[in-house]
Amino acid sequence: MAEAMTKKELVFDNDVLEKIAGKTAQEVDGVLELKGGLFDNISNQMGVNKPEQGVSAGIDEDKKTVELELDGTLEYGKDANDIFDKITRKITAAVRSMTGYTVTSIKLHVKDLLTAEEWRDQTKTDKKK
């Protein structure tokens, strides 16, 4: 008796790809934070940490590809091009290994450059609000 073929389909929500990219980018030295819009900023002030904050993903399920856009703050005095190259390599590898998807583009919008001290001071001030 022939074994019946099981149709299999593994689909990822945009949030999952955004979370992978966000967590991975935050592991790169020189990335201080990823910033989202108003809703994400309010969530942060309420103590809700969202690793997908500041990341948006466009997925092509048929081709198993993803395009990513990130908004972030980088550390002042460090080479932004080097940081971006590391982000690109790490995210591409992480997405491929966890999902099998291919990252076809990554765009990083640098929203601010802060020294590590300025960022710590700003973070403390934001948490007090």
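# Reading contacts, salt bridges and the core

Colleague: Which residues does Leu114 touch, not counting residues up to four places away in sequence?

Modeller: Contact means that heavy atoms lie within 4.5 Å. With residues up to four places away in sequence left out, Leu114 touches Leu32, Thr73, Leu74, Glu75, Tyr76, Trp119 and Gln122. This is a predicted model, in which local features need pLDDT of at least 70 and side-chain atom pairs count only at pLDDT 80 or more, while totals for chains, interfaces and linings use all residues. Residues are numbered from 1 along each chain as its sequence is written, and side-chain values use heavy atoms, with hydrogens and water left out.

Colleague: How far apart are Leu114 and Leu32 in sequence and in space?

Modeller: Leu114 and Leu32 are 82 residues apart in sequence, and their C-alpha atoms are 8.2 Å apart in space.

Colleague: In which strand is Leu114 found, and is Leu114 buried or exposed?

Modeller: Helices (H or I, at least four residues) and strands (E, at least two) are DSSP runs numbered from the N terminus; Leu114 belongs to strand β4, residues 102-114. A residue is buried under 20% relative accessible area, exposed over 50% and partly exposed in between, with a 1.4 Å probe and protein chains only. Leu114 has a relative accessible area of 8% and is therefore buried. Leu113 is also placed in strand β4, but Leu113 is partly exposed at 44%.

Colleague: Which residues form a nonpolar patch on the surface?

Modeller: A patch is made of residues with over 30% relative accessible area and no salt bridge, like charges being joined within 9 Å and nonpolar side chains (Val, Leu, Ile, Met, Phe, Trp, Tyr) within 5 Å. Here Tyr76, Val110 and Leu113 form such a nonpolar patch, and together they have about 300 Å² of accessible area. Accessible areas come from the Shrake-Rupley method with a 1.4 Å probe, and for residues only the protein chains shown count as cover.

Colleague: How many salt bridges are there?

Modeller: Side chains of opposite charge can pair when their charged atoms come close. A salt bridge is a side-chain nitrogen of Lys or Arg within 4 Å of a carboxyl oxygen of Asp or Glu, and by this rule the count is six. Among them is the bridge between Glu27 and Lys90, whose closest N and O atoms are 3.7 Å apart. Glu27 lies in the loop between α1 (14-26) and β1 (31-34) and Lys90 in helix α3 (residues 80-99), so this pair ties together parts 63 residues apart in sequence. Glu27 is exposed at 55% relative accessibility, whereas Lys90 is partly exposed at 36%.

Colleague: Which residue forms a salt bridge with Lys78?

Modeller: Lys78 pairs with Asp29, with 2.8 Å between the closest N and O atoms. Because Lys78 lies in the loop between β3 and α3 and Asp29 in the loop between α1 and β1, the pair ties together parts 49 residues apart in sequence. Lys78 is partly exposed at 32%, and Asp29 is exposed at 52%. Asp29, Glu75 and Lys78 are linked in a network of salt bridges. The side chains of Lys35 and Glu33 also meet in a salt bridge, at 3.9 Å from N to O; Lys35 is partly exposed at 23%, while Glu33 counts as buried at 17%.

Colleague: Which residues of the largest nonpolar core touch the most other members?

Modeller: In soluble globular proteins, nonpolar side chains tend to be buried together. A nonpolar core is a set of buried Ala, Val, Leu, Ile, Met, Phe, Trp, Tyr and Cys residues joined through side-chain atoms within 4.5 Å. The largest core has 23 residues, of which Val31, Val66, Leu68, Leu70, Ile87, Ile91 and Val95 touch the most other members. At least two residues of this core come from each of α1, β1, β2, β3, α3 and β4, and α3 gives the most, with five.

Colleague: Which backbone oxygen does the side chain of Thr99 reach?

Modeller: A polar contact is a pair of N or O atoms within 3.5 Å; within protein, one must be able to donate a hydrogen and the other to accept it, and residues adjacent in sequence count only if both atoms are side-chain atoms. The side chain of Thr99 reaches the backbone oxygen of Val95 at 2.6 Å and the backbone nitrogen of Tyr101 at 3.0 Å. Thr99 lies in helix α3 and is buried at 12% relative accessibility.
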